[in-house]
Amino acid sequence: MNLLSKLPVTLILLFLVNSMAAQTKGQSWNVTAGIDFPVGLFSHTHFPGAGAGISYSNHRYGILPAKPVKKFGYTFNAGGNYYFGKNETVRGYPFQYSGYFLVHTYAGAMYNHGKRTHFELLAGPALGMYNGTTRFNIGGSLSATWYVRAKLGVSPSFMLTKENGADWLGAFSLRVSWAF
């Protein structure tokens, strides 16, 4: 047999070996999207909104083939949240709160509790945009993800953000996660 006739068989074997090797690790990227519910004073001025984000951690997302030897790892996240402003009457006059948009980049730790579950604790800088003004914020989040399918999960989380001269803003969120 010449080399050219062995090439298709060799390529198929390499593909199969590569596929099996890829199944021994989790996914490195995770995208989330869902609904955010403001809490505390923030809920008096804003309706629930929507949020989305993307995270990276080296082979720690999705249903893992086995419990990881190292349960702790690093993770990085970037995303945004939008909350719709409420209408109210102040001293007989209508008033509408503007929508609030928050963009963040967080880093932190990830704990793989088991094959299907992980927790993330993140913190970092954010930009809050309200009523035509953009301000620097510091924020953080605590989230958990449980994978119902190999790459599909449910992620409840809690977020806090602080802007100089303003109260803490908090929100609970429920999101769908997709690992890839």
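Predicted model: local features only at pLDDT ≥ 70, side-chain atom pairs only at ≥ 80, totals over all residues.
## A buried histidine

Residues are numbered from 1 along each chain as its sequence is written, and side-chain values use heavy atoms, leaving out hydrogens and water.

You will find histidine 104 in strand 6, residues 100–112. Its side chain makes a polar contact with the side chain of asparagine 77, at 2.6 Å. (A polar contact is a pair of N or O atoms within 3.5 Å; within protein, one must be able to donate a hydrogen and the other to accept it, and residues adjacent in sequence count only if both atoms are side-chain atoms.) Not counting residues up to four places away in sequence, histidine 104 touches Asn77, Ala78, Gly79, Gly80, Asn81, Pro125 and Ala126; contact here means heavy atoms within 4.5 Å.

## The chain as a whole

The protein chain has two helices and 10 strands. Helices (H or I, at least four residues) and strands (E, at least two) are DSSP runs, numbered from the N terminus. Along the sequence, the pattern reads α-β-α-β-β-β-β-β-β-β-β-β. Of the 180 residues, 36% are buried.

## The nonpolar core

Eight residues form the largest nonpolar core: Phe42, Tyr83, Tyr100, Leu102, Ala126, Met159, Leu169 and Ala171. Strand 6 and strand 10 are the elements that give two or more residues to this core. Such a core is a set of buried Ala, Val, Leu, Ile, Met, Phe, Trp, Tyr and Cys residues joined through side-chain atoms within 4.5 Å.

Take a look at tyrosine 83 too: leaving aside residues up to four places away in sequence, the residues that tyrosine 83 touches include Phe42, Tyr100, Met159 and Ala171.

## An exposed aspartate

Now for a contrast: aspartate 167 is exposed, because its relative accessible area is 52%. Aspartate 167 sits in the loop between strand 9 and strand 10 (169–179).

Aspartate 167 and leucine 41 are 126 residues apart along the chain, with 8.3 Å between their C-alpha atoms. Leu41 is also among the residues that aspartate 167 touches, together with Thr161 and Lys162, not counting residues up to four places away in sequence.

Conventions: Buried < 20%, exposed > 50% of the residue type's maximum accessible area, 1.4 Å probe, protein only.
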